[in-house]
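Reader: I have a chain open on my screen. Can you take me through it?

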Amino acid sequence: MIAIRQEKIRQERLADHDARELLLDRAYGPDRFTKCSQRLREDRLPAAGLSFVATDKGRIVGTVRLWNVSAGPGRAALLLGPLAVDPEYRSGGLGGRLMQQAIATARMRGHGAILLVGDAPYYGRFGFSADQTGMLWMPGSYRKDRLLGLELRAGALDGARGMIGATGRLAPKPDLGALVAAASHRAVKSPTPRAA
Ligand SMILES: CC(C)(COP(=O)(O)OP(=O)(O)OC[C@H]1O[C@@H](n2cnc3c(N)ncnc32)[C@H](O)[C@@H]1OP(=O)(O)O)[C@@H](O)C(=O)NCCC(=O)NCCS
């Protein structure tokens, strides 16, 4: 019998957090926190409506997000990443479907261009190239030929020049007072056993 996979792509939800983190650990390992793209994502929220997961029978098997950035002064763009597919689900077109969903939704929401740092042999099939990113810089170290761009609107990256910066909304910080109160409450409920 042939097993037919029926992965679905939907908007990411808060409850997807832990499964998505595990998937990213599996796909990228601990190095994922050292990537220069991460400098533009940390402490920020992803762009509105532009975080997707792929699921199979409710299990998270793919993820992609887009982030608000400036491509040099005064030029809005999106940064794509991370993109990951569970190793058991690769080479079946799921990565491509996640990319198409992300690109189509970004276009529909009126964004002009998408940037990413990644392998041109993979992202080239979706129209990404380094043709218009030569005068753009990411914070941190990366290979220049891996900084790729895709125009969703003709001319959106014309003359793009300068540092790429994070412009997304800041992620809410946990309320320290509430955390301390919760920790004290737990300590009172279950005091540390003391030696007699
Ligand atoms: C990259 C990734 C998301 C692709 O997911 P996927 O579901 O396998 O994607 P698709 O099925 O649409 O495409 C698979 C094809 O892309 C190719 N491919 C995958 N990664 C590639 C890469 N870095 N460079 C060139 N080609 C690549 C595969 O060999 C495969 O080729 P085939 O169709 O000739 O067999 C997945 O391999 C992954 O999660 N990798 C680990 C994380 C990662 O490296 N992400 C960023 C890539 S720069």
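Author: Helices (H or I, at least four residues) and strands (E, at least two) are DSSP runs, numbered from the N terminus. The model is predicted: local features need pLDDT of at least 70, side-chain atom pairs count only at pLDDT 80 or more, and totals for chains, interfaces and linings use all residues. Residues are numbered from 1 along each chain as its sequence is written.

Reader: OK. How many helices and strands are in the chain?

Author: The chain has five helices and nine strands. Their order from the N terminus is β-α-α-β-β-β-β-α-β-α-β-β-β-α.

Reader: Which residues are closest to the ligand?

Author: Arg 90, Gly 95, Gly 96, Gly 118 and Tyr 122 are the closest of the 16 residues that surround the ligand. Near here means that the C-beta atom, placed from the backbone, lies within 6 Å.

Reader: And which elements give two or more residues to that shell?

Author: Helix 1 (17-28), strand 5 (84-85), helix 3 (94-108) and helix 4 (120-123) do. Helix 3 gives the largest share, three residues.

Reader: Different topic. What share of the chain is buried?

Author: Of its 196 residues, 28% count as buried, meaning 20 or more other C-beta atoms, placed from the backbone, lie within 10 Å of the residue's own.

Reader: What is Ala 102 in contact with?

Author: Beyond neighbours within four places in sequence, Ala 102 is in contact with Leu 50, Phe 52, Val 64, Leu 66 and Leu 80. Contact means C-beta atoms, placed from the backbone, within 7 Å.

How values were computed: A residue is buried if 20 or more other C-beta atoms lie within 10 Å of its own, exposed if 12 or fewer, and partly exposed in between; C-beta atoms are placed from the backbone. Two residues are in contact if their C-beta atoms, placed from the backbone, lie within 7 Å.
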